[in-house]
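Subject: Structure for you to look at

Hello,

Here is the structure we talked about. Please open it first, then read the notes below it.

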Amino acid sequence: MPCGLTIISNPTSSAERDINFENIRVATSPEDGGSQVHSDPTDDENSTSSESPGILELVTSLEDGESQFDFDPVDDWSSTISLSPSNLECPAENGRTYHKLKEGRYPLPNDDDEQDRLDLQHTLFLLTLNQKLLSCPVDLSRVHRVLDLGTGTGIWALDFGSENPQSEVVGVDLSPIQPAWVTPNVKFILDDIEDMWPYRFKFNLIHGRMLTHSIRDWPRLFKQSFDNLAPGGYIEFVDVSPVLEVDDRSPRQPSALKEWSQTLVQCYKELGIDINSSSLHQHRLEEAGFEDVVEVRESWPLNTWPKERRSKNLGWYSRENLLMGLSGFSLALFTRVKHWSKEQIEVLLAQVRNEIKDKGIHASWPIHIVYARKPRALIELGK
């Protein structure tokens, strides 16, 4: 199986970010772990120079099963990033590692502990959606190109690609933590989804999950999604609210959890991020031009306090997900924004952990699932 990682830098001109599905090959040597990218000017009838470098992108030809890339020629070699180890190094902070590209933009870690949590969280989502990867009523037989925003470990993209071999799936993230070897129809790009998107082709489906802690400009993201969807294509976002909903009949009330959650919201606000923005997705998608906008509400119990079997099972995974992620959710934010010491943070987190495991606190995290469709008959002027 081919190596699945492509890196895109952040050039300033739109010409530097336009990408096609055609003519770049990637050669990976399993022996030395190195990747080399080659442009093949003989494959590009419009190429004017065999020495013109550019942005690279992945594509799968479903007819022949081969992986291909495309270079869009640009004038400045610095607009690309090599796949050298130095560009994949992850800076360390408080015993955790973080993304190198756009360093500091995303405050959650990307180390092995966080990757394990993300994969467990994927199981939690599958339980929430009754073992489905999507809620929207998209016709999967007509889905040929899929974009997974903030793909993380790539587990959703890989599962979707496995279940839908007719689809080409592209996952995008700031961290290169996806598998090195993937099926031919799944590819990963290292890029910032809040930058201008580089795609010339249209997607049939755009998916995003747990992005409220990373997006500063939702209207712009939804506008880019609209512009990059084919008519009739679907968009789906799934996010959790940071505001814990406590049952009126709860034997006990959370205090440390409330303090932690409020501090988290404040920190993100100072970074220009509203992590409680999922409640606005429906309205913003309508404003972006989408139709048939639907919001589905689910919830994750804080722990195993519910008696009903499915809810108790969700609560087990919800509890483990939060316990595994609590340190990573907090360390960078509280030290960078609040300037708390690591010791001060751990005192609060010890209290929070106790409350997470307290089945006397009957509370749940709200989950917002919002999907919408781009109008089928839309006439895109000038395109």
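Buried means under 20% relative accessible area, with a 1.4 Å probe and protein chains only. Helices (H or I, at least four residues) and strands (E, at least two) are DSSP runs, numbered from the N terminus.

This is a predicted model: local features need pLDDT of at least 70, side-chain atom pairs count only at pLDDT 80 or more, and totals for chains, interfaces and linings use all residues. Residues are numbered from 1 along each chain as its sequence is written, and side-chain values use heavy atoms, leaving out hydrogens and water.

Among the buried residues of H2 are Leu 118, Leu 120, Phe 125 and Leu 126. Their cover includes helix H3 (155-163), strand E12 (229-240) and helix H7 (309-336); contact here means heavy atoms within 4.5 Å.

H2 and H7 pack at about 155 degrees, with axes 9 Å apart. The axes are lines fitted to C-alpha atoms, over the stretch in contact for helices, and angles run from 0 to 180 degrees between N-to-C directions. H2 is therefore roughly antiparallel to H7, a term for angles over 145 degrees. Residues of H2 that meet H7 include Leu 120 and Leu 124, and those of H7 that meet H2 include Tyr 317 and Met 324.

After H2 comes Asn 130, with a positive phi near 55 degrees.

Regards

Methods. Buried < 20%, exposed > 50% of the residue type's maximum accessible area, 1.4 Å probe, protein only. Parallel < 35°, antiparallel > 145°, perpendicular 65-115°, else oblique.
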